[in-house]
Amino acid sequence: MKEHGIISHLVRAMASEKDAALAATPPSSEYTPTIFDRIINKEIPSTVVYEDDKVLAFRDIAPQAPVHILIIPKVRDGLTGLSKAEERHFEILGRLLHTAKLVAKQEGLDDGFRIVINDGPKGCQSVYHIHVHLLGGRQMDWPPG
Ligand code: TR5
């Protein structure tokens, strides 16, 4: 990804989630890199809270709750979003959710937490590398906006 692309991406991350999602371009191919590739490769710093050979969990740059962590697969394998999930992804999808549970425990979210997976423009997705949002540390509302 070119530098100007990264900067505009960062600026979008600072805007509202909805604005960022509407400005985001779904990838032209399943191989189009995203900002998360650079975070995985440690080319861009992030606050990592959990890492193993398959997944990475790091703090969201624009937290929507006292605890806001993103859990992502290190290899995207076509999973730009949940809507692209196929049978070969069953294991990594389970791993993402299980990691969310582990990290919730690690963060002391014993009274509850929320998991969010945004998909596509109407689902407010702004980064096309599947990710699970783990939100906690405050009372959540229902329905979500
Ligand atoms: O909108 P969706 O569901 O696609 O979630 C993408 C999330 O990535 C948003 O909550 C953003 O705040 C978050 N984000 C975006 C960037 C970023 C990040 N979290 C940590 N570090 C980040 N860097 C360094 N750069 C971003 N552009």
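This is a predicted model: local features need pLDDT of at least 70, side-chain atom pairs count only at pLDDT 80 or more; totals for chains, interfaces and linings use all residues.
A residue counts as buried here if 20 or more other C-beta atoms lie within 10 Å of its own. Five of them are listed as buried: Leu96, Thr99, Ala100, Val103 and Ala104. Because these residues cover an arc of only 140° around the axis, they sit on the same side of α4. The other side of α4 has exposed residues: Phe90, Glu91, Gly94, His98 and Lys105.

Next, the length of the helix. α4 has 17 residues, so at 1.5 Å a residue it should span 24 Å. Its end C-alpha atoms are 24 Å apart, which agrees. Just after α4 comes Gly108, with a positive phi of about 75°.

What covers the buried residues of α4? The cover includes β1, β2, β3, β4 and β5. Neighbours within four places in sequence aside, Ala100 is in contact with Ile71, Ile115, Val132 and Leu134.

Now step back to the nonpolar core. The largest one has 26 residues. Those with the most contacts inside it are Ala57, Ile69, Ile71, Ile72, Ala100, Val103 and Leu134. The elements that supply two or more residues to this core are α3, β2 (55–59), β3 (67–73), α4 (90–106) and β5. β3 gives the largest share, five residues. Two of the names return from the helix: Ala100 and Val103 are buried residues of α4.

UniProt, in an unreviewed entry, places the feature "domain: HIT" at residues 35–145. Over residues 35–145 the chain is 21% helix and 22% strand. The end C-alpha atoms of that stretch are 25 Å apart.

The UniProt annotation "active site", from an unreviewed entry, covers His131. This residue lies in the loop between β4 and β5. Is His131 buried or exposed? It has 26 other C-beta atoms within 10 Å, so it is buried. Beyond its neighbours within four places in sequence, His131 is in contact with Leu70, Ile71 and Ile72. Ile71 and Ile72 are among the residues with the most contacts inside the largest nonpolar core. Ile71 is also in contact with Ala100.

Last, the backbone. Most residues other than glycine have a negative phi, and most peptide bonds are trans.

Lys42 is one of them. Its phi is near 65°, a positive value in a residue other than glycine. Lys42 lies in the loop between α3 (35–40) and β1 (48–51). With 10 C-beta neighbours inside 10 Å, Lys42 counts as exposed.

Cys124 is another. Its phi is near 70°, again positive in a residue other than glycine. Cys124 lies in the loop between β4 (114–116) and β5, where His131 is also found. Cys124 has 19 other C-beta atoms within 10 Å, so it is partly exposed. The cut-off for buried is 20 or more.

The remaining case is a peptide bond. A cis bond joins Trp142 and Pro143, with omega about 0°. Pro143 lies in the segment after β5 (132–136).

Terms used: Residues are numbered from 1 along each chain as its sequence is written. Helices (H or I, at least four residues) and strands (E, at least two) are DSSP runs, numbered from the N terminus. A residue is buried if 20 or more other C-beta atoms lie within 10 Å of its own, exposed if 12 or fewer, and partly exposed in between; C-beta atoms are placed from the backbone. UniProt positions are given in the numbering used here, feature names are shortened, and annotations may be inferred rather than shown by experiment. A nonpolar core is a set of buried Ala, Val, Leu, Ile, Met, Phe, Trp, Tyr and Cys residues joined through C-beta atoms within 7 Å. Two residues are in contact if their C-beta atoms, placed from the backbone, lie within 7 Å. The expected span of a helix is 1.5 Å times one less than its number of residues. The arc is that of the directions from the helix axis to the C-beta atoms.
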